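Dear colleague,

Please find the structure below, handed over for your records.

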Amino acid sequence: MFTLRRCDIIKFLACCLMQAMGLACQAQSYSYSVKFTLSARNFVDTIPIIFEDDQIYITAHTRGATYRFCLDTGSSQGIVYTDGRFPHTRILGKITSHDANGSTSKIDVVEYPDFRIGHLTIHGYTGSLLNSHIDHTNYDAVIGFDLFNKGLSAKIDPLHGYMVLTDIPRFFDQEEGYRVRYRLLRWVPNIKVSPYHECTDEARFDTGSRRLYVMSDHSRRTFSNNIPDFETQIEGMSYGSRAIGSFGAESSREVAFLWLDRLQWGGFNFYDYHTMTTQGNSRIGAEIFHYGSVIIDPKRKELAFQPHEPRLGCLVSNEQMDIAFVPKDGRASVGLIWEGSRQYQNGFRQGDVILSIDDRPIFTFRQFLSYPFINGKKHRFTLRGTDGSLRIIESER
């Protein structure tokens, strides 16, 4: 008869425990993957898109319902929200996620149900599961750059309201455009642009970001230290925060208000552009689609910008963003204001919390975002200052 000694039993149990812990760790972790499958091969599909509020939206269908996806090339994979309408089938594990401000967090990764965009059905697509997001009131979920890391090429043309999506290699080779190479950092594309003569900045191509271009504070400091006349591009300084990532607003720091003579993408120039610095990555955002289309070629790792008019540049001449509102303890507050701005002259101050607009109480940041502001109309703001005092001002939003 075979008899186990006490030490053998202990070793056996320890081995079982280690295996169980290993399986648990595997169940709790998730690695980036593009293993989702498509319903077609050797296809070309023209998918309707909506360009609204400087964001790209795609209509998706699943389980007899229709949803709106935001196309976000700055997100490595999809995103769904715990308080959103779009369903998910199961939790696959956890992953370390990085938002646009550089903040990180461990979050759940979930599988989407099979869904259809255009004529294409996608099976096994995955996304991060985030808590309530203050800025997703116009869409139900996100589709990220993994759509292109899968090997699909695309031409995004919001002017005509479509995206051409294909798995056929070299399909867009005959298309003209200002081509730049990109490299993947955390699975999203980053390109070289020139915000000033003799300056090269690496910027994330991020259609989830609205502005044409924002410069990282690190890049601004580097240019200021190495290019003597770069200071001519700075029209003001302030202190605060404006960018809101997946995990909240950036912390308060020094912010530069920039007035760039020109921003260059692969030989194409955007002239007379107002922007500012951010604590996260420099970014090229969806505002670029006001001026042309973009082709994504993952085989060559290239992006091609096709201007609406065949020329070497365009005049932007936009207004400076002189005030930014961010969530603070769930409420809308002034995260950043430039002292040389019209809004500062109207009475807004750093840290002001909005209590009401036109005598309508504003309890949450989401209420502020969805408030029906009217262009050209002065609205009545009731504010609580950092010293606890109450003020009423009238200002356009």
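In what follows, a residue is called buried under 20% relative accessible area, exposed over 50%, and partly exposed in between (1.4 Å probe, protein chains only). The model is predicted, so local features need pLDDT of at least 70 and side-chain atom pairs count only at pLDDT 80 or more, while totals for chains, interfaces and linings use all residues. Residues are numbered from 1 along each chain as its sequence is written, and side-chain values use heavy atoms, with hydrogens and water left out.

Salt bridges

A salt bridge here is a side-chain nitrogen of Lys or Arg within 4 Å of a carboxyl oxygen of Asp or Glu. The whole structure contains 19 of these salt bridges.

One of them joins Arg-179 to Glu-302, at 3.5 Å from N to O. Because Arg-179 belongs to strand S14 (residues 178–185) and Glu-302 to strand S25 (residues 302–307), the pair ties together parts 123 residues apart in sequence. Strands (E, at least two residues) and helices (H or I, at least four) are DSSP runs, numbered from the N terminus. Arg-179 is partly exposed, at 30% relative accessible area, whereas Glu-302 is buried, at 15%.

Arg-391 pairs with Asp-352, the closest N and O atoms being 2.4 Å apart. Asp-352 is buried, with a relative accessible area of 1%, while Arg-391 is partly exposed at 25%.

A salt bridge of 3.6 Å (N to O) also connects Asp-297 and Arg-300. Asp-297 is buried, at 9%; Arg-300 is partly exposed, at 27%.

With kind regards
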